[in-house]
Structure formats: structure tokens, C-alpha cells
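Please read these notes with the model open beside you.

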Amino acid sequence: MATETQSQPADWPGRYFHIDQVLNTPGPRTDESFLAGDGVKDFLRNKSKILVIGAGGLGCEILANLALTGFKDIHVIDMDTIDISNLNRQFLFRPKDVGKSKAIVAAEFIMKRVPGVKVTPYFGKIQDKDDAYYMQFNLVICGLDSVEARRWMNATLVNLVDPEEPESLKPLIDGGTEGFKGQARVILPTITSCYECSLDMLNKQTAFPICTIANTPRLPEHCIEWASVLEWPRVRGDLKLDTDDPEHIGWLYKIALARANEFKIEGVTWSLTQGVVKNIIPAIASTNAVIAAACCNEAFKIATSSAAYLNNYFMLIGTDGVYSYTFEHEKRDDCPVCGGEALEMTLKPTTTVEELIDILVEKQDIQIKKPSLSTPTKQIYFQAPPQLEEATRPNLEKKVSDLVPPGGEVTVTATTLPFSLSLRISYSE
Amino acid sequence: MSQEAQDIQDSTTAIVAESAPDAKTRRYDRQLRLWAASGQSALESSRVLVIAGTATSTSVLKNLVLPGIGHFTILDPLEVTPEDAGNNFFLEGPSSIGKSRAEEAVRLLCELNDGVDGKADKRSLEEVLENDKEWLSDFTIVIAHNLDPKLLQRLSEYLWSDTTFPPLVVVRSAGFLAEFYIQYHEHSVIESHSETTPSLRIDKAFPALLDYATTLDFENMDVTDHGHIPYVVILVRVLEDWKKAHNGLPPQTYAEKKEFKQGIMAMRKKSDEENFEEAEAQAYRSWTATTVPSEISELFDDPKVKSVTPSSPPFYHLVNALAKFVQEQPSHTLPLSSTLPDMKASTSAYIHLQTLYKRRAEEEKAAFKSYLQVPIAEDMVDAFVKNSHALKLLRGKQWGAVDKDGAALVKGGEVAPKELSVHLALSALSSVIDKSQPGAPLTPTVEALTEEAQALLPGGASLPDDFDNAVGEVARAPTADLPNVAALLGGLVAQEVIKMITKQYIPIHGYCTIDLVDAWTGTLKLSDLKP
Ligand SMILES: [Zn+2]
């Protein structure tokens, strides 16, 4: 990365002609605290520091927009490398970049194209960074396709808030797209609804029952799941399925196709096989452009106070005309991240610990994959480390009511989540 | 690879399988899942003209070049100014200043996709309209951003003058506000990708389905098989039995519907038969009459459908044949869809049912085709029959026609006051530009803009309450092409252009208005702009 040493050309006269029109003058809805003119420009261009999470479909757009609006100290994190299927929308990448780090290539491109902007890439995981790292930014924009990464980032920023220190509250702007649909939202950690508050708005993934896959396939998807979930481990042994390896996809495709032919099921194709095993979400440049622009516009308004920012959720559906809906998503008092109150849960007196775990895994507003459970005084069940798992395993068959008194609290943790969830248990009858 | 894996591979290679996708299919994979090969091929044969290489224009083009349109031309006689170099990502900062704006933008846009052909045309629109206007008709669609009002008027008049000329997308923006409009005579959509599913026609079961359902021996069936009868078959059977006992009528009252559902549940051999639970949940399909949706039957009465001639567009012939099919076929419904949703069933029962539906759908398609008066490509007929419940025909108006009709604007404002406010504020800005000297600095006051907006409404009509918010933003930044607004417009306009070119999904029908202070988009619908 030789870019650090590049001399930074001075701004040229006229460079900010467009932007300055809204920075020199307030509009009818601009807050009185807006300091039109040099003060706000100095903050935006010389003092603010912004973090972009993700340098993919949304990230490429976000970086370009931020650079053009005058943010000059931008950091970007992405753990992915560039794939050929990114090139239909991730416009900072070229065929020669396939295989390289998204964060590094994107940062270099922006610095080359927009003079005087410094973009610092990090090719790695958001979890590699500590609180002190996140504390240095004024704003964070997330353009991710992973629910888990967003939950982590959201919880980290909520935990960062120290009521005594206003600077510790970092606005989080989150964008997401799926085909012609998308959303952009502004989260003020601890003040407004957070990412975790709205988990139940996510579409539930279609899961096919294993007995259908094994015994009564009807759809091409059932045959593909049979190939990937049952046949792959059975035949290929310990070899890990790499959904980016064409040999692996080709194998699954042929196995699925053979099964489909046996049962006279139509519609198994290479593309469907890949779509099912990789859980591919359609993605296009235009939707990413809209959502990224909406996110960056909020970042600009928050950084400059030139106009009120979004309160707090913008949703777009572009299939039938242009439909969008802007509304305030409500904070949840029992949100495990920002709510403070325990989640009420009523169980049957006969419910076992194992059944409680199944309920938690299924629950749309929690979505925990491998929960570990404890009470203030004892360990109920731990998924790891192995010794602890073994020691607590006998509890799986026990009734929860034998371990937790009515009104008692259960703490739920998972390695993937940087927070714990409190349940207040009561029993029916 | 283990021996067993190798064996499986060898034994399955006999089946004709596709080979791994080529580089192009891999590149476009994420969009092919939305508009398929047919949409992609429409994009690849399209030719897009963009007038003026502004930041908004290049943002639109970026989102069209990436998915792979065939060709684009930027028409722009101007040189890059320092102001352009500051807000346009498809210019290279100060090093582009003084060069041709069209050439610089085309060069940098073409880097995004080497399958796309781009051309810079340094003529002015005035010159084209004066000496070479036929050239304009050579494009699939024309996009114009913040064009001089007089030139825009001439351009829209010319493109409106012949129904075969390309649609015109008019884009206007100032500061945080923007709008766009697509001028087209007509736009028909077969593949609307509607989320409503076609009827399974349980209330009007076709003979083979009825026969299958009524002769199946439910009582003496093996318990496992009984738990795997598809709910469609259960419902057809129960409904038929019900009608026999009720003068040929389906359940009518709430009490009867309840009784009908209880009858379904009473047929269970075991308490956990999910297929019967599905049948109970789907029971409404038995008494919901399969009819032709009103939006489709309205098409049947369209004068252009009724009076088709051999030269009419295929869409009209298809709708004409559909009208006859509905009228003359005994079920008086749309052709049956062969798409069956998944349901609890054994593989053989499901596949058997699916085969019955497919066979019947083929028969009805053949009947449908017999009504066609001209030959039409097989894949178009297939798509039409498959989507006949969700067809769309949009009829448009010339750009600016609504602004000449004050009463229509007032009416539209009653439904959508915020949207009308943005439209009026931007129209007022156009009026001010129209009256000012070319090249003079543009700094209109709120008062001057309000006066122009008021002049668009009939005497006595007042501006919407939200107008002050809109006009204040226009006065604040009358010539600002803000990067975020340009990027957002770039996304929305490209999305609508893709819909126009592919004839898939439904494009806007009116003015799409955008206010990025309060972060909303809205539509001033043509159907609401009627006095
Ligand atoms: Zn929360």
C-alpha cells in the first residue's frame, strides 16, 4: 500500500460548488444548531473520521459517495476477496482483481480517483478489533450481507456507550439489499431501536424437513438438499464442502439430478444447485446504489447537521413502480442488547432443557444457533468447551422446572454473539 | 475422491447434465436470478442515449453498464469544469478539467464492463434537433438530466410524435430534491413477477383431476399413503361430496364453512396427518370462486384489443385470444397454470398430481393458441399463458401534459400533497430558468419560485402546505447536483430503465418524487392526476 505516501493535492477552486450550496445556507427544515459555512466544512473535511463495514455491493458505493461528499478520513473493513460474480455490481473491481482483498483494492481505487481522500483498509474480521479501535470514529456505516456480523457490530456499539461521555455514542447507519428490495436505517445506540430490536423483521429462511429430503422429495430443491446435506458427508467423508469450488458444486448437481430423474422431478439445474447450497440472494447495482446513497446521505446529514437525519427506517420495494416507506421502528424494552429488561418466557412444567434450547433456536426474534444456559447460581448446559459440555449434558433431559424456580432468570449466551440474553421463566398452570 | 464417489459420478454422467457455467453467466449470476436469460438478452441488445454527462447521468449509466446494456451514447458538447470534477465519480479530478465531458465519462464508464460499447458524441442537442433528429429514434430509450426547459420541450415533442420512437426519461434535481418521469405511449408487461399466485381451480376441477379425486379409495388406503394424499386432492373430493348433498353448491355460510372444515378433519385416520391439516387451512380455496381478475377483464374491452389487425403488436393479439378463450371455454377462467405449490405428499402422489396439472395446462394452452389470429413465438405464448393473471398495460402521457392541466394537478395534490409539492417546486425552477438569460447565475428567491408554482395552478387554488418545505430547499441549492442525490437517482432511474428495456416488472406510471431531507420517495400517479 504505497498510497500512504502519496502527496495530497490541495482542493481546487470550485471543487465543492455543489455540496457547498447546502453547507452555506440552511433549509426550511434545518435545525438551528447548524453552523453554516466554514465551521461545518472544516469538521466534515478535516476532523471527522468514518468507518465503513463491508467493501462489497453496498461498500463500493458507500466509499465512492463518502469520498465525493467530502469525508477525507475513511476506514474500511472487509474479510472477503473478490469473486467474478461480484463484478456485475461492485464497480471498483476489475477482472484482474479477482482473488484480491476487497478492502485493499477498493481503498486504492477511491484514493486514485478522488484526490485528497485517505482510505485505510483492513483485510480481516470486525471481531479482530477492540473497543479502543471503534472509539476513534464519529460514525459507522454497515453495508453487510451477514446477519451475524451486523449483530456483532450493533452490540459492540451499544456496549460502547458511556452515558457520562457523549463521544462514546457512535451513530450506526445500516443498509441491506435483496434483489429489488432494500432498507437503510439510522441507529443511535441505546437511544433508538437497534438492529437486534428488529430481528423479527428478517425473512425466515425456508428449511426443508429432513424426512421430506430423505423420503418424499417433491421439488428440485429437495433433491439438492439431499445431495448436499446427506450424500456429501456420507460419500465424501470428512472433506469440507466448499460452495465456491466448481468441482464440489458440479458433484452435488449431478447427484441431485440423478435423484430427480429417479423420482421424475423436473427443474434441477446448475444454477439452482448453486443457489440452494450457497443460499444466494439476487443482487443488482441499482438497488445497491439507492440504499448506499440513502445511507451516505444520512451520514452526511449527521456529520454536518445540514438537515435532520432519518428517524429511523427507510424501506424500498422496487418491483412494482417505486414504493418506499419511511417510519420509526420502535425500541424493544426486552431487547437483549439495548432493552435492559429480561425476556418473559412461559414454559410447560414438563419442558426439558433440550426442548427449551429448541424453542430458543426456533424463535424468530432471538435467532441463536448454539445457546448455552446458566442461572445466577448454576450452569445448566454449555455447548463448549468439551469438558463442560460433557459435565452439563445430563441436564438436557431434566425438566427446566426442576432447575429454575418460577420467576427465576436464565442467562443465554452464544459464542457468535457479544452479549447475553436474560430470560425470566414462568410456568403455565 | 473415494471409490464410491467415483462410481456415483461415473454412473450419473450418463444423464444429460449441463456443464459448469461460463464466465459471462458467472459474472451476471446474481441478476440472472431476477430477469433470466430473456431479460439479459433484451438488455444486451439495447441502445441507451444519455443527454448531458452530469454526475446524475453518469450514476444512471454506471448502473446500466454494470448489468450489461449493449450500447450507450453520451451527448454532451461541454468541457469538464472544476465544479464537474468535484462531484462526478466518472471524471478523474483535476486532470479531467478542460477535456470533453462526454469523452472522459465514456472512457471511465467503459472500464466497468468490456461487453458494453460506449460512444461520446460532442454535438449539442440543439444541433441534433436542428439537423439530425432522426438519429434520436435509433435508440431504445433516451435519458435527459436537468435539460434546458426549451430544449426538453422540443425533445419530448419530437419523441412523442411517433409511437415507435423511444421512451424519454426526464430527470430533474436540485439539492436534496429530485423527480423523474418516463414519457411513453404504451408499455405492456407480460412477466410482471407478481407475488399473487394463479388459481389452483379447486372450485372448478378439470375432468382428470375430478376423476382422480373422486375415485381414490380413501377408506381402504394404507395409513402411510393416507397421510400423504395432497391437500388439493382432499379438497376436490370433499367439495364434490359436499356439493352432492347441497344442491350442487359449495359451502356458503360461516356455519357451513365450519362444518366443511370439520368434515375434512373427521377424515383423518391418525391425529397427526399434516396433509389434512393443510387441507383445512386451505379450505377457503373450495368456496372462493375462480374468476378473471378485474384488471385483466378490463383489458378485454380495450378498443385496441377488440379491433386487432394483423399488424397489431403481439400483446394485443394475445389478449384478444385470451378474451375469446375465457368467453368460449366452458370454465370461463384464465388458462390453467402448471405451477403447483409444494404440499405434504408422497413423491408419487405429488408427481401424479403435477402431471395432471401439466397435461391439462398443455391442453388449455393448445386451445388458447387456436384463438390466435397471427403466429406468435412459442416462448412468448408460454410466458403469456403462465402470467395471464398478472398482465399489465400502462398508457402514458407526454412529458409536461399534466402541468398544462391545473385542475389535474390540484386533484393529484389531494392524494399526494408532499409529492405534488416537490413536483411544483422543481417545475417552478424550470420556469425561472426558462425566463432567465442563458449563462446568467441562477439564484431564484423563494418568492419568485412560489409565484411560478402558483401560476401552474388554476386561479384560486392554493399550494399544498408542504410546498414551503420543498421550495425552500430548491432556493437553497438550485444548481446543486449533490453526489448522494445523484447516486440515489442513478439507482432508481436505472432500475426503471431496466424494467422498460426488459419488459419485466412494472415501471412507474407518473412522477417519482424524492425528498432526501426527510428521506422519502413517492409517486404522483397519472391515475390520480385527473380532474
Ligand atoms: Zn435493541
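**Notes on the model**

1. Along the chain, the donors of the zinc ion are spaced C-x2-C-x137-C-x2-C. They are A:C194 (SG), A:C197 (SG), A:C335 (SG) and A:C338 (SG), 2.2 to 2.3 Å from the ion; donors are N, O and S atoms within 2.8 Å of the metal (3.2 Å for Na, K and Ca). A:C197 sits in the loop between strand 6 (181-187) and helix 7 (210-215) of chain A, and A:C338 in the loop between strand 8 (323-327) and strand 9 (343-347), so the pair ties together parts 141 residues apart in sequence. Helices (H or I, at least four residues) and strands (E, at least two) are DSSP runs, numbered from the N terminus.

2. This is a predicted model: local features need pLDDT of at least 70, side-chain atom pairs count only at pLDDT 80 or more, and totals for chains, interfaces and linings use all residues. Residues are numbered from 1 along each chain as its sequence is written, and side-chain values use heavy atoms, with hydrogens and water left out.

3. In helix 22 (residues 446-456) of chain B, B:L449, B:E452, B:A453 and B:L456 are buried, whereas B:E447, B:E451 and B:A455 on the other side are exposed. Buried means under 20% relative accessible area and exposed over 50%, with partly exposed in between (1.4 Å probe, protein chains only).

4. Across the interface of chain A and chain B, 8 salt bridges are found. A salt bridge is a side-chain nitrogen of Lys or Arg within 4 Å of a carboxyl oxygen of Asp or Glu. The side chains of A:E266 and B:K358 form a salt bridge (3.1 Å, N to O).

Terms used. Chains are lettered from A and ligands numbered from 1 in the order in which they are written.
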